[in-house]
Amino acid sequence: MKRIILMLTLGMFSCFSFAQTGGIIKGTIRDEATEQTLQNARLILEGTTFVKQTNMHGVFVFENIPEGSYTLKIDAIGYITKRMPIIVENDQTNNLGVVLLSVDVTQEQADNLITLTDTDLSDDEGSADVTSGILQATRDTYLSKAAFDFGQAFFRVRGYDSQFGKVLFNGVEMNKIFNGRAQWSDWGGLNDVTRNQELANGLSASNYSFGGVLGTTNISTRASGYRPGFRLSSSTSNRTYTGRFMATYSSGMQDNSIAYTISASRRWGNEGYIDGTLYDAYSFFAAVEYKINDHNSINATVMYTPNRRGSSSAVTQEVFDLVGRKYNPYWGWQDDEKRNSRIKNLKEPIFMLTHYFENEKLKWNSSVAYQFGSYGRSRLQYFNAYSPDPIYYKNLPSYYSNLNEPEIALLAKQQFLENPQIAWDDVYQVNLGKVANGDGSSVYVQYEDRTDDKQFTANTNFNYTINENLELDIGLTYKYLNSSNFANILDLLGGNHFDDIDGFSGKRNDINGTLSKNVGDHFDYDYNLHANVFNEFLQLQFSYNKIDFFLSSTFTYTDYQREGNYLNGLFPENSLGKSTKLQFGNAGVKGGFTYKINGRHLINVNGAYITQAPTLQNSFVNSRESNQVVNNLTSEKVSSVDASYLLRLTNIKARLTGYYTTFKDATGINFFFLEGGVGTDFVQEVVTGLNSEHFGLEFGIEAKLTPTLTATGAAGMGQYTYTNNANTVINFDTAGAEEQLINTEGTLDLGTAYIKNYKVASGPQKAYSVGLTYRDPHYWWIGATGNYLSNNYTDISTVTRTSSFYLNPDDLSGGNFPGVTEDVVKPMLKQQRLDDFYLVNLVGGKSWRYKGTYISIFVSINNLLDATFRTGGYEQGRTGNFGELSADLANGTPSFGPKYWYGFGRTYFINLAVSF
């Protein structure tokens, strides 16, 4: 395949590489205040696709520009955009000399809006992850709205999971092998030093990577690329944290050929907008570059962002009606302080060494990176005891209402409203009682699900300008991951030890291990995951007067292996030692062209076909317990095409894009307690052969109405749907199914799940925004946006859409519930569409400049009207048959109804920054 692409591309090159004549534009870009040269400033001849970046000396050169009049647009992150009229004549050179850019002190808007990347609302029970991959410093109107306005509602660009957006640092991909997603918390709080970004949106070409269908973002940490000077900022907010302080210093390239940048921040809060969600984070960054000569330099980067955050939970409608949207069941009072049982604790430093080579023709960057550390997610565990969860279904009135016991339901309501949080004192008293009775074994314990990763990455990228028409990109990447996964005891909660026994089956979690466990001991599960990934990509980019186009190909080899450290009592034959090594070979091709109609109007079309290995997360049925591999595991196939019309006028910028994407043979694994027609147990639900399609339109426009007033508009109209009936297999931990139904591995093939035409739960599928911004000549500004979001759906339970839903567990012959037909079931299984809602956001600021010192203040208010809205939700899988679900729905307040995520109400952010 790659040979064919290369031959076709070279053939096209030979057809188009005729001689051309034109003019030259060149110059040097510098900081107005410091006169330091600016590397990676972006220069665009508006109305064309001629784009250049300044080199390490701040120099740029456009060659072979057709004769005519142009406007040269100069962009650099953190600086005010400059436009210059240019007249080009054939065989003439326009030497602009030194062009000075002024610092943009209104950059605080992007600084603060991008704190959305710190909002980690995902939970182990649901799939409400925020697509942080779109939160980059983009000037595209639609993407800015998607990140900063629609992002409050878990909006996903084109409905894609964030694993389809690649995030790179100095060409090194940061997406996790485990789930394919970039973990933005690994560089959270480093806003000052992560601004130098290059975004390749969607299927467009990137010089650094083949990328994904969501796009590619490369973040440069080259020390010489930062604006020299100090920057200090302090913030207060009521969102995820209450306070933030950041300090950054960049030296610029010094006479001794060394440049360095140091940045640090502190973010804290006893509680965010959601009750009991503490925030405790530090961030540190250092980059040092040594310029060997005019063509070579070496850059070393260190990032370390340890952070602790309290989690929150999705809740049912019943719980919301009782205690409101700020309620969080994960905390309780202890010694007059709020103690959250579920803390996320991340400590993963990153070390990176990059070599840069650059001359007039070749840019060659090579990096090695090493990331290690730990990621823990704490929770309460209990054995032979009552659940400490305050929203455990037997604590809520609906359970008793559905049993037709209204008096007990009223009592349960009163007790819940009086004590809606974790009763830490009661938990301790139970364990202390065991100690007093001579048995020191805790029945309650706080532990963490811990992952200790060690990942090594080596990467090299070539960008070679063959001539004025053709560029060649080559990239090679190797990744190795050793991931240690275990449960770690944090607190015995008054007891002396904890017996390592499975709470459902009563069997030993580790037959060969010690039964009694103490603080700091591994228990429950202990295994390693190993992975190797090798990737190469090849790309050719052509540029001509009327048309630009590119062709790109990639090949990836992936292997996974599990190594169990425990001999699990449930799976004694398949838990200890190494699993079969899973191996995948995948390829992808993409291409696109831009046709320049007349310099102001452009047409862009891209297409791709990609196969990719399933994620490590979805390759083993339950990696905590056994080596069992997902049956019929195969690579996912992605096909995508998009077409755009771009308008570039003096006062109007607009983009209209249509897209169509299919995902085939996807795999998903869910964990839950099932009461179904096939048995009752804690199960793993494995869904394979899952297909979906995503299509829609994106529109963004920015119009300068007057020199001080700018209007913006954006619209995303998509439809994301499952297009087939996938296969569902259930794995029973304790052989809780009917014995004749399951195989020797404890699995039951439920066959077809009838999910075709259900919606993919990926946030609002339609979103609209209008905004106005006023920028006064005296350096103050204010802006407002109105946003409307709709067509958001809950995530469906697959097991209830299989034939097992009809099975009557009381029928010894294995028959269905009498009289239950598809027409009866259909209304019960209708997918819920969440309510549409409006959001109004305000931003504003003021800046001053005094003798080279820049001072700015920024204020934002989100959800000004304090609207209450659901950002997402998911069906619980517990009521897995007709009888259970009917009983739960009988009185209108189900105990196991869908759980919902709620967005923040009215919130604020205030930031003061000083730069000098």
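These are legends for a set of close-up views of a predicted model. Residue numbers start at 1 in each chain and follow the sequence as written, and side-chain values rest on heavy atoms, with hydrogens and water left out. Because the model is predicted, local features need pLDDT of at least 70 and side-chain atom pairs count only at pLDDT 80 or more, while totals for chains, interfaces and linings use all residues.

**View 1. An aromatic cluster built from Tyr-386, Tyr-392, Tyr-393, Tyr-399, Tyr-400 and Phe-896.** These six names belong to one cluster linked by ring pairs. Rings of Phe, Tyr and Trp (its six-membered ring) pair if their centres lie within 6.5 Å; planes under 30 degrees apart count as stacked, over 60 as edge-to-face and the rest as tilted. Run over the whole structure, the search turns up 39 aromatic pairs.

**View 2. Two arginines sitting over tyrosine rings.** Arg-266 is placed over the face of Tyr-282, 4.2 Å from the ring centre. Arg-377 does likewise with Tyr-375, at 4.9 Å from the ring centre. To qualify, NZ of Lys or CZ of Arg has to be within 6 Å of the ring centre and within 35 degrees of the ring normal.

View 3. Tyr-290, Ile-292, Ile-298, Phe-351, Leu-353, Val-368, Tyr-370, Phe-456, Leu-476, Tyr-478 and Phe-534 make up a patch of about 910 Å². Strands β22 (350-358), β23 (362-382) and β25 (470-491) each give two or more residues to this patch. Strands (E, at least two residues) and helices (H or I, at least four) are DSSP runs, numbered from the N terminus. Patch members have over 30% relative accessible area and no salt bridge, and nonpolar side chains (Val, Leu, Ile, Met, Phe, Trp, Tyr) are joined within 5 Å, whereas like charges are joined within 9 Å. The areas come from the Shrake-Rupley method with a 1.4 Å probe, and for residues only the protein chains shown count as cover. Val-368 is in strand β23, and its 36% relative accessibility makes it partly exposed. Here buried means under 20% relative accessible area, exposed over 50%, and partly exposed in between (1.4 Å probe, protein chains only).

View 4. Pro-306 is in the loop between β16 (296-304) and β17 (307-310), and with 18% relative accessibility it counts as buried. Setting aside neighbours within four places in sequence, Pro-306 is in contact with Asp-280, Ala-281, Tyr-282, Leu-346 and Lys-347; contact means heavy atoms within 4.5 Å. Take Lys-347: it is 41 residues away along the chain, yet the C-alpha atoms of Pro-306 and Lys-347 are 4.6 Å apart.

**View 5. The Arg-181 and Asp-161 salt bridge.** The two side chains meet at 2.7 Å, N to O. Arg-181 is in the loop between β9 (172-173) and β10 (197-201) and Asp-161 in the loop between α3 (141-148) and β8 (165-169), so this pair ties together parts 20 residues apart in sequence. Arg-181 is partly exposed at 27% relative accessible area, whereas Asp-161 is buried at 13%. A salt bridge here is a side-chain nitrogen of Lys or Arg within 4 Å of a carboxyl oxygen of Asp or Glu, and the count by that rule is 29.

**View 6. Glu-348 paired with Lys-176.** The closest N and O atoms of this salt bridge are 3.0 Å apart. Glu-348 comes from the loop between β21 (343-347) and β22, and Lys-176 from the loop between β9 and β10, so parts 172 residues apart in sequence are tied together. Both ends are buried: Glu-348 has a relative accessible area of 3%, and Lys-176 has 13%.

**View 7. A strand-to-strand bridge, Asp-491 to Arg-339.** These side chains form a salt bridge of 3.1 Å, N to O. Asp-491 is in strand β25 and Arg-339 in strand β20 (residues 337-340), so the pair ties together parts 152 residues apart in sequence. Asp-491 is partly exposed at 22% relative accessible area, while Arg-339 is buried at 17%.

**View 8. Two asparagines with positive phi.** Asn-404 has a phi of about 60° despite not being a glycine. Asn-404 is in the loop between α5 (397-401) and α6 (406-418) and is exposed, at 63% relative accessible area. Asn-863, also not a glycine, has a phi of about 55°. Asn-863 belongs to the loop between β44 (853-862) and β45 (870-874) and is buried, at 0% relative accessibility.
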